[in-house]
Amino acid sequence: MHWKPKNSIAIVTGASSGIGSSLSQLLCQAGCHVVAVARRAERLEELAGTVPNGSLSTVVGDITQPETRSRVLDVATTQGDGRLDLLINNAGIGAIGPFSDASPERLRQIMEVNFFAPVELTRICIPALRLGRSPVICNISSVLGHRAVPNKSEYCASKFAIHGFSDSLRAELACDGIQVTLVSPSTTRSEFFDSLIDTASDSSSKSLGSWSPQKVARSTIAAIRWRRSEVVLSLGGKALVYADRLSPPLLNAILAKSKA
Ligand SMILES: NC(=O)c1ccc[n+]([C@@H]2O[C@H](COP(=O)([O-])OP(=O)(O)OC[C@H]3O[C@@H](n4cnc5c(N)ncnc54)[C@H](OP(=O)(O)O)[C@@H]3O)[C@@H](O)[C@H]2O)c1
């Protein structure tokens, strides 16, 4: 059965900008009630002003904190009489620069936001998802969770981790009727590159084109509706993933050269 937004209850993390904000808007417009979480209260207020009245609840907080995650679940299950139909783990951060120059804190922080927080939120949401309608857990990963590149070691590690977690959980939860959808965008024109942590100001990211957050959000919702297991977005992203499957040594050599 397809996942349907109308009268559904969804949680969207990282809803104050970029992909999460667009996902929240599209879901609310389609008749879903969204519980939106992020740290910036004013941005969540702005988001609330762009969606139909009563379609959005906001939780201001840091998703790495257990209390924030519990509050999010409480708000969602109160709204949904105990059930949850969709969990989108979208909040994420990144960094650019060689691993050998980076602090241990950079790795910790990225893994906390991109891996431990979504995994622990998923853990507490599973009982409510079991009561949901065609329930879906959607993890926003990255094409860099399929093929790692230099100077983003911590970010790639966090996205490979969520990829592995998603594949394992999908098989575990199949008997409960809960789908796990892994979405892997390529470069997206959001605030992501303005919020990089522990990164030199002259660092930049190479990419083959970019998508708008709205386009990523539309493709993500299509993947959720069809309860897909995995989607890699953008031609550049697909090319990178397939080139890696065809010849990892060739891609290793190209990436090592491009770094030099
Ligand atoms: N942009 C890209 O090129 C790209 C490519 C592939 C994958 N992705 C993935 O797409 C997802 C969304 O990124 P985006 O491009 O939309 O970037 P973005 O505009 O920077 O949005 C990131 C969101 O995460 C939230 N967030 C960060 N740390 C948080 C924390 N500790 N607690 C709660 N919320 C937190 C931010 O809100 P607050 O700051 O208000 O807390 C913000 O709403 C991420 O998982 C990212 O890895 C992005």
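Visitor: Which residues does Ser22 touch, not counting those up to four places away in sequence?
Guide: In this predicted model, Ser22 touches Pro213, Gln214 and Ala217, where a contact means heavy atoms within 4.5 Å.

Visitor: And how far apart are the C-alpha atoms of Ser22 and Lys215?
Guide: They are separated by 8.8 Å, although Ser22 and Lys215 are 193 residues apart along the chain.

Visitor: Is Ser22 buried or exposed?
Guide: Ser22 is buried, with a relative accessible area of 6%; buried means under 20%, exposed over 50% and partly exposed in between, with a 1.4 Å probe and protein chains only.

Visitor: What can I rely on for numbering and confidence?
Guide: Residues are numbered from 1 along each chain as its sequence is written. Local features need pLDDT of at least 70 and side-chain atom pairs count only at pLDDT 80 or more, while totals for chains, interfaces and linings use all residues, and side-chain values use heavy atoms, leaving out hydrogens and water.

Visitor: Switching to the ligand, which residues come nearest?
Guide: Ser16, Arg39, Asn90, Tyr155 and Ser190 come nearest of the 30 residues around the ligand, a residue being near if one of its heavy atoms lies within 4 Å.

Visitor: What about polar side-chain atoms of Arg40 and Asp62?
Guide: One of Arg40 lies 2.8 Å from a ligand oxygen atom, and one of Asp62 lies 2.9 Å from a ligand nitrogen atom.

Visitor: How does the shell divide by residue type?
Guide: The shell around the ligand holds 12 nonpolar, 13 polar and 5 charged residues, with Gly counted among the polar ones.

Technical notes:
Polar contact = N/O pair within 3.5 Å; in protein donor to acceptor, adjacent residues only side chain to side chain.
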